[in-house]
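Here is a short briefing on pockets, core and salt bridges. Look over the sequence and the fold before reading on.

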Amino acid sequence: MRITDLKTNRMTNPLGFELDQPRLSFIVSETKAKTLSSMQIRIAKDSAMKNIIYDSGCLEAINTIAWPVPTTLEAYTRYYWQVSAVSDQQEEAISEIAWFETA
């Protein structure tokens with residue numbers, strides 16, 4: 001299982017956009033699973049994902065393809081984010097790190 005095509009408001013790594021409430025989306029591929037049983041989204045202020053400003057925790061019963069960011073973001077700041085997920089077939093995957101920068 002792979003998690004790819006990470007986007008913020010339908011854009012890959014958007015730079016300097018006015019993002020009132022960013023929505024994060026991704027694609028799960030290379031799996032026979034029909035659904036995700038759980039997922040987790042983390043957002044950090046550093047590319048090493050050490051300075052976490054938001055952690056969704058383990059989310060179950062996922063029924064959305066665009067996840068709203070429920071935290072206040074600073075202007076002129078780059079944020080990095082990553083998704084981990086488990087499928088209904090117990091496959092696990094962690095995405096590469098994507099980013100977005102606020103205006």
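Leaving aside its neighbours within four places in sequence, which residues is Thr 12 in contact with? The contacts of Thr 12 are Leu 6 and Lys 7, where contact means heavy atoms within 4.5 Å.

This is a predicted model, in which local features need pLDDT of at least 70 and side-chain atom pairs count only at pLDDT 80 or more, while totals for chains, interfaces and linings use all residues. Residues are numbered from 1 along each chain as its sequence is written, and side-chain values use heavy atoms, with hydrogens and water left out.

**Largest pocket**

- The largest pocket has a volume of about 200 Å³.
- Pockets and cavities are found on a 1 Å grid over the protein atoms alone: a cavity is a set of points where a 1.4 Å probe fits but cannot get out, and a pocket is an open set with protein on both sides within 12 Å along at least five of seven lines. Lining residues have an atom within 4 Å of a point.
- Grid points are joined across faces, edges and corners, and the volume is the space filled by probe spheres set on the points.
- The lining consists of Phe 26, Ile 27, Val 28, Leu 36, Met 39, Ile 62, Thr 64 and Ile 65.
- Strands S3 (23-29) and S4 (36-44) each supply at least two lining residues. S3 gives the most, with three.
- Strands (E, at least two residues) and helices (H or I, at least four) are DSSP runs, numbered from the N terminus.
- By class, this lining has seven nonpolar residues, one polar and no charged. Here Ala, Val, Leu, Ile, Met, Phe, Trp, Tyr, Cys and Pro count as nonpolar, Asp, Glu, Lys and Arg as charged, and the others, Gly among them, as polar.

**Second largest pocket**

- The second largest pocket holds about 170 Å³ of space.
- Its lining includes Arg 2, Asp 5, Thr 12 and Ser 95.
- Strand S1 (residues 2-8) gives the most to this lining, with five residues.
- The lining divides into five nonpolar, four polar and three charged residues.

- Arg 2 is found in strand S1. Arg 2 is partly exposed, with a relative accessible area of 42%. Buried means under 20%, exposed over 50%, and partly exposed in between (1.4 Å probe, protein chains only).
- Not counting residues up to four places away in sequence, Arg 2 touches Ile 27, Val 28, Ser 29, Glu 30 and Ala 93.
- Arg 2 and Ser 84 are 82 residues apart along the chain, with their C-alpha atoms separated by 9.7 Å.
- Thr 12 lies in the loop between S1 and strand S2 (15-17). Thr 12 is exposed, at 52% relative accessible area.
- Ser 95 sits in the loop between strand S9 (92-94) and S10. Ser 95 counts as buried, at 4% relative accessibility.
- Leaving aside neighbours within four places in sequence, Ser 95 is in contact with Ile 3, Leu 6, Gln 82 and Val 83.

**Nonpolar core**

- The largest nonpolar core has 21 residues, of which Ile 43 and Trp 81 touch the most other members.
- S1, S3, S4, strand S8 (78-87) and strand S10 (98-102) each supply at least two residues of this core.
- Such a core is a set of buried Ala, Val, Leu, Ile, Met, Phe, Trp, Tyr and Cys residues joined through side-chain atoms within 4.5 Å.
- Beyond four places in sequence, the contacts of Ile 43 include Leu 24, Met 49, Val 69 and Trp 81.

**Salt bridges**

- A search of the whole structure finds four salt bridges. Each is a side-chain nitrogen of Lys or Arg within 4 Å of a carboxyl oxygen of Asp or Glu.
- Asp 5 pairs with Lys 7, the closest N and O atoms being 3.9 Å apart. Asp 5 is partly exposed at 37% relative accessibility, and Lys 7 is partly exposed at 24%.
- Glu 74 and Lys 45 meet at 2.5 Å, N to O. Glu 74 lies in the loop between strand S7 (67-68) and S8, and Lys 45 in the loop between S4 and strand S5 (52-55), so the pair ties together parts 29 residues apart in sequence.
- Arg 78 and Glu 101 meet at 3.1 Å, N to O. Arg 78 lies in S8 and Glu 101 in S10, so this bridge ties together parts 23 residues apart in sequence.
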